[in-house]
Amino acid sequence: MNVNPPHRHKKKHGNPNRKGLHPRNLHRQGYDFPPLVTHYPSLAPYVKQNAHGTLSIDFADPQAVKTLNAALLSRYYGIAHWDIPDGSLCPPIPGRVDYIHYIAELLGVGDPSTHQQGTQPKITLLDIGTGANGIYPLLASQVYGWQCVGSDINTPSLENVAAIIANNPGLKDRFTLRRQHDKHRMFEGIIQAGEFFDVSVCNPPFHASREDALRGSQRKLNNLARNRGDQPPSRKSMPCAPTLNFGGEESELWCKGGERLFLKKMIKESTEFSAQCRWFTSLVSKSDNVMPSIKLIRKLGATDIREIEMGHGNKVTRILAWTFI
């Protein structure tokens with residue numbers, strides 16, 4: 001029985017620590033490169049001393065970022081042979097696992113390190129737009145043992161995730177894939193009759209066009225250069241358009257109307273599956289998109305709305321969660 005008042009909206013701030021990451025996050029003290037390189041020698045060529053005298057990688061180098069991800073997933077989460085095609089979105093692991101930890105809190109799931117195996121509640125998770133990396137179901141499966149479904153409209157992306165699952169036998173019973181055939185729908189054709197999910201997660205395309213995505217990547221590259229103590233490259237010194245240092249295909253990074261329209265479509269469609277999913281959630285990258293989304297959710301009759309802020313270094317991002325149950 002839901003005892004929360006209608007249209008309830010709670011704003012929760014992430015817990016303060018060195019990087020603003022969740023207290024359960026294994027990466028909240030930063031990367032410990034020496035043991036990471038020992039565990040995953042392929043990372044060694046990318047690890048250098050930066051201008052601050054500490055070991056790091058060049059986060060503007062897509063191959064370095066991808067190799068770091070593979071090393072982190074192998075060492076901390078037991079995921080072997082993780083790889084993505086060139087040009088695919090390469091997600092930062094600390095931020096992605098933070099989402100999963102906050103979702104666990106939302107569902108009332110305790111710290112897995114304090115529970116004996118088999119004592120955690122059985123949770124089902126749906127990832128809308130799992131991409132070629134499959135990162136949220138991979139982490140949720142390995143950290144909490146949840147049953148996960150990853151959906152996407154891109155067949156090659158699903159094929160790549162299928163290869164990752166095949167290379168990790170422990171995932172085969174916990175992570176399944178479904179193809180979305182209609183680019184205008186998120187849940188229809190994915191959530192099946194009689195099926196129930198505890199939570200859906202999503203990292204929406206947050207740009208309205210490729211040009212917008214490239215401008216965003218250039219800002220990121222400039223910030224990375226400043227953090228290294230370098231002078232950001234001028235547009236005149238660049239021989240071609242900036243690259244997407246964290247990758248990203250069209251369906252992953254941009255869509256017509258950008259993040260706001262994507263969220264609007266998702267929120268409206270969620271009412272059709274209000275009895276088949278306990279919590280609908282999504283990352284919201286742009287703060288200006290939060291209140292319009294909350295107003296729409298209220299209008300559609302949600303019984304509870306949560307806005308969860310997560311701090312990643314100097315960046316603040318948000319999880320928007322709503323339920324009709």
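**Group meeting: a walk through one predicted chain**

Let's start at a loop. His81 sits in the loop between α2 (62-77) and α3 (93-106). Helices here are DSSP runs of H or I with at least four residues, strands are runs of E with at least two, and both are numbered from the N terminus. Before going on, the ground rules. This is a predicted model, in which local features need pLDDT of at least 70, side-chain atom pairs count only at pLDDT 80 or more, and totals for chains, interfaces and linings use all residues. Residues are numbered from 1 along each chain as its sequence is written, and side-chain values use heavy atoms, leaving out hydrogens and water.

Back to His81. Is it buried or exposed? His81 counts as exposed, because its relative accessibility is 60%. The cut-offs: buried is under 20% relative accessible area, exposed is over 50%, and partly exposed is in between, with a 1.4 Å probe and protein chains only. The backbone of His81 deserves a look too. Its phi is near 60 degrees, a positive value in a residue other than glycine. Most residues other than glycine have a negative phi.

Now the whole chain. It has nine helices and ten strands. Of its 325 residues, 50% count as buried. The accessible surface comes to about 15,700 Å², and 51% of that belongs to carbon and sulfur atoms. Those areas come from the Shrake-Rupley method with a 1.4 Å probe; for residues, only the protein chains shown count as cover. Next, contacts, meaning heavy atoms within 4.5 Å. Take the contacts with a separation of 6 or more: 71% of them join residues 24 or more positions apart.

Next, helix α3. It has 14 residues, and at 1.5 Å a residue they should span 20 Å; the end C-alpha atoms are 20 Å apart, so the two agree. The expected span is 1.5 Å times one less than the number of residues. Why call α3 largely enclosed by the rest of the structure? Because 13 of its 14 residues are buried. Just after α3, Gly108 takes a positive phi of about 75 degrees.

On to helix α5, residues 155-166. Its twelve residues should span 16 Å, and its end C-alpha atoms are 16 Å apart, which agrees. Which residues of α5 are buried? They are Ser157, Leu158, Asn160, Val161, Ile164 and Ile165. At the N-terminal end, Asn154 caps α5, with a side-chain oxygen 2.9 Å from the backbone nitrogen of Ser157.

Now the strands. Two strands pair if DSSP finds at least two bridges between them. Strand β4, residues 124-128, has four of its five residues buried, so it is largely enclosed by the rest of the structure. β4 and β5 pair in the parallel sense over five bridges. There, Ile128 has Ser151 in β5 as its bridge partner. Ser151 is buried, because its relative accessible area is 2%. Beyond its neighbours within four places in sequence, Ser151 has contacts that include Asp127, Thr130, Leu158, Arg178 and Ile190.

Strand β8, residues 277-284, is mostly covered: seven of its eight residues are buried. What does β8 pair with? It pairs with β7 in the parallel sense over three bridges. It also pairs with strand β10, residues 315-323, in the antiparallel sense over five bridges. In the second, Leu283 stands opposite Ile319.

Leu283 brings us to Asn203. This residue is in the loop between β7 (197-202) and α6 (210-228). Asn203 is buried, with a relative accessible area of 18%. Setting aside neighbours within four places in sequence, Asn203 is in contact with Leu89, Arg96, Ile128, Tyr136 and Leu283.

Last stop: Lys264, in helix α8, residues 258-270. Lys264 counts as partly exposed, because its relative accessibility is 40%. Lys264 and Ile294 are 30 residues apart in sequence, and 9.9 Å apart in space, C-alpha to C-alpha.

Terms used
Polar contact = N/O pair within 3.5 Å; in protein donor to acceptor, adjacent residues only side chain to side chain.
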